[in-house]
Amino acid sequence: MEEETAQFTGMPRLGDPVPDMEVQTTHGTLRLSDFKGSWLVIFSHPADFTPVCTTEFMAFAQIHPGLKKRGVELLGLSVDSLTSHIAWVRNIEEKTGVKIDFPIIADLNKEVATRFGMVHPGQSKTETVRCVFIIDPNQVFRLMLYYPLSTGRNMDEILRVIDALQMTDANKVATPANWRPGDMVIVPPPQTQEAAEERLKQGYECVDWYFCKKKV
Amino acid sequence: MPCVNPDGKPTDSGINMLRAVQSGKQTADDIAVATGMPMYRVRSGLRELVDAGFLLRGDDDVVSLSDQGEALV
């Protein structure tokens, strides 16, 4: 029992480097380091040929062009076989007309799922839950989302958080709740008393010295 | 979509990459621009083409055609 628990405890944390692993995908053998220099969304799904996952794959395919515009690559994963993945994406295209043109990892031995903490035994001991890992061009975990087996993911939120991460990286700012591109961003709080005084003279929209927003 | 088939012959993607190298592209960045392939595909494809003997990898990850690769493009 302890061993079984131990194998599920490898949870990456924000700011951790992504382990470099060689993976079998529907686009051939890849290394995670092959994605260095691009943003990367790695997402897991419980199983091929299941209804919620099919809707998610169609939705990921629909946002794929938008992700590419943002410099983001997409990489799916489940513990199904390559043959199953290939049959499923062919089936999705045949039945719905939606082409799945991003690679999908076949993680039959759960090596990646274990390293990434994608199996949550309280949900399922055999399937991966609906994880989303957003990884930056330096191969650092920047954001993680976990959804239960029963709940399909929201693509707008995935695009929104990528926009937010890229905005904060480019401009050294933070983003408020429900931020969307075009909204005002938060200026980091001043770190000295002098800076706090100056902050109020800099033309930002300030609620108080620690809470100022600006347009970017 | 690997760049080399199980029978050892390059796929269409592999041939495209070999042609890019033949036209003077020597780095993954240049090959990605020339072929329109995403960088991760170029990096994995270069590994396969080198392992299969169609490309030679030199210093600084610069690649060139081997005799075997030259014969194909």
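**Close-up views of a predicted two-chain model**

Both faces of strand β4 of chain A are covered, with A:V72, A:L74, A:G76 and A:S78 buried on one side and A:E73, A:L75 and A:L77 buried on the other. A residue is called buried if 20 or more other C-beta atoms lie within 10 Å of its own, exposed if 12 or fewer, and partly exposed in between, with C-beta atoms placed from the backbone. Helices (H or I, at least four residues) and strands (E, at least two) are DSSP runs numbered from the N terminus. This is a predicted model, in which local features need pLDDT of at least 70 and side-chain atom pairs count only at pLDDT 80 or more, while totals for chains, interfaces and linings use all residues. Residues are numbered from 1 along each chain as its sequence is written, and chains are lettered from A and ligands numbered from 1 in the order in which they are written.

**View 1. Strand β4 of chain A and its surroundings.** Strand β4 spans residues 72–78, and because 7 of its 7 residues are buried, it is largely enclosed by the rest of the structure. In a regular strand the side chains alternate between the two faces of the sheet.

**View 2. The parallel neighbours of β4 in chain A.** Strand β3 (residues 39–44) pairs with β4 in the parallel sense over 6 bridges; two strands are said to pair if DSSP finds at least two bridges between them. Here A:I42 stands opposite A:L75 of β4. The chain passes from β3 through helix α2 (residues 51–69) to β4 in a right-handed β-α-β crossover. Right-handed means that, with the strands pointing away from the viewer, the path from the first strand over the helix to the second runs clockwise. Strand β5 (residues 104–106) also pairs with β4 in the parallel sense, over 3 bridges, and A:L77 stands opposite A:I105 in β5. Helix α3 (residues 82–96) carries the chain from β4 to β5, and this β-α-β crossover is right-handed.

**View 3. An antiparallel sheet in chain A.** Three strands form an open sheet in the order β8-β10-β9, with antiparallel pairing. Its edge strands, β8 (185–187) and β9 (205–208), each pair on one side only. β9 and β10 (residues 211–214) are joined by 3 bridges in the antiparallel sense, and A:D208 has A:F211 in β10 as its bridge partner.

**View 4. Two loop residues of chain A with positive phi.** Most residues other than glycine have a negative phi. A:K110 has a phi near 60° and lies in the loop between β5 and α4 (111–115). Because A:K110 has 15 C-beta neighbours inside 10 Å, it counts as partly exposed. A:Q139, with a phi of about 65°, is placed in the loop between β6 (130–135) and β7 (141–147). With 18 C-beta neighbours inside 10 Å, A:Q139 likewise counts as partly exposed.

**View 5. The helix pair of chain B.** The axes of helix α1 (residues 12–22) and helix α2 (residues 28–35) of chain B come within 9 Å and cross at roughly 115°. Axes are lines fitted to C-alpha atoms, for helices over the stretch in contact, and angles run from 0 to 180 degrees between N-to-C directions. B:N16, B:M17, B:A20 and B:V21 of α1 make the contact with B:I31, B:A34 and B:T35 of α2, where residues are in contact if their C-beta atoms, placed from the backbone, lie within 7 Å.

Conventions
Contact = placed C-beta atoms within 7 Å.
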